[in-house]
Amino acid sequence: VALLYTSAYGNTAVMAGAIARGLTQAGVAVESINCEFTEPADIAAVIEKTDGFIIGSPTLAGHPPSQIQTALGIILSTAPKTRLAGVFGSYGWSGEAVDLLESKLQDAGYAFGFAPIRVKFTPTEAVLQQCETAGAEFAQVLKRAQKNRTPQQPAIDAQTDRTEQAVSRITGSLC
């Protein structure tokens, strides 16, 4: 799982750490990426090789930071819609960044591994526990999705083979 975040005052980073703990305790490998210090090409490479992604953002002047907006653009343009998503963040006054991330990913058709987590100012112990639980929940949803996907693949291939056989028997042109 790619865990992408940016943290203005350290609160979103603390939440990211708790989510990462939940994921690793559930047996899922995590690649934590602070988008402030990572090139867009590196973000794209990580997104390409992971089975899911979680994106965290603070709200600054009513928006996510530009690094998160760039990461979101990379996700929306490259990540298959079968990837599992998650959203979290901290804010001081309004919290629009988490809502924006959630709506963009939802509109694009991504499924969520946990309900978005929002925290005003500094996360409490209860919020950090919620983050850890969300990470574990994400891991379980991801594992179930992978388990359900694996047996269906041969059936899809078999259906494609039957379709190809049927179409190959048709003589003449089709418009």
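Predicted model: local features only at pLDDT ≥ 70, side-chain atom pairs only at ≥ 80, totals over all residues.

**Entry 1: the cores**

I started with the largest nonpolar core, which has 24 residues, and asked who touches the most other members: I19, L23, I54 and F88 do.

Next I checked where the core residues come from. The most come from α5, which gives 7 residues.

I then picked I54 and listed its contacts, leaving aside neighbours within four places in sequence. Among them are L3 and L4, I19 and L23, V87 and F88, and also F114 and F138.

There is a second, separate core too, with 21 residues, including V46, I47, I75 and L105.

**Entry 2: helix α2**

Which residues of α2 (40-49) are buried? I got I43, V46 and I47. They cover an arc of only 100° around the axis, so they sit on the same side of α2.

What do the buried residues of α2 pack against? My list is β1 (2-5), β2 (31-34), β3 (52-56) and α3. On the face turned away from the buried side I noted the exposed residues A41, E48 and K49.

**Entry 3: α3 against α4**

I looked at how α3 (residues 66-78) meets α4 (residues 96-108). The angle is about 10° and the axes are 11 Å apart. Angles under 35 degrees count as roughly parallel, so α3 is roughly parallel to α4.

I wrote down who makes the contact: I68, L72, I75 and L76 from α3, and L101, K104, L105 and A108 from α4. Sorting the residues of this contact gave me 7 nonpolar, no polar and 1 charged.

**Entry 4: stepping back**

How many helices and strands does the chain have? I counted 5 helices and 6 strands. Along the sequence, they follow the pattern β-α-β-α-β-α-β-α-β-β-α.

Last, two figures for the whole chain. Of its 175 residues, 40% count as buried. I also looked at contacts with a separation of 6 or more, and 80% of those are between residues 24 or more positions apart.

Technical notes. Residues numbered from 1 in each chain as written. Heavy atoms only, no water. Axes fitted to C-alpha atoms, helices over the stretch in contact; angles between N-to-C directions. Helix = DSSP H or I, 4+ residues; strand = E, 2+ residues; numbered from the N terminus. Parallel < 35°, antiparallel > 145°, perpendicular 65-115°, else oblique. Contact = heavy atoms within 4.5 Å. Nonpolar A, V, L, I, M, F, W, Y, C, P; charged D, E, K, R; others polar. Buried < 20%, exposed > 50% of the residue type's maximum accessible area, 1.4 Å probe, protein only. Arc of directions from axis to C-beta. Core = buried A, V, L, I, M, F, W, Y, C linked by side-chain atoms within 4.5 Å.
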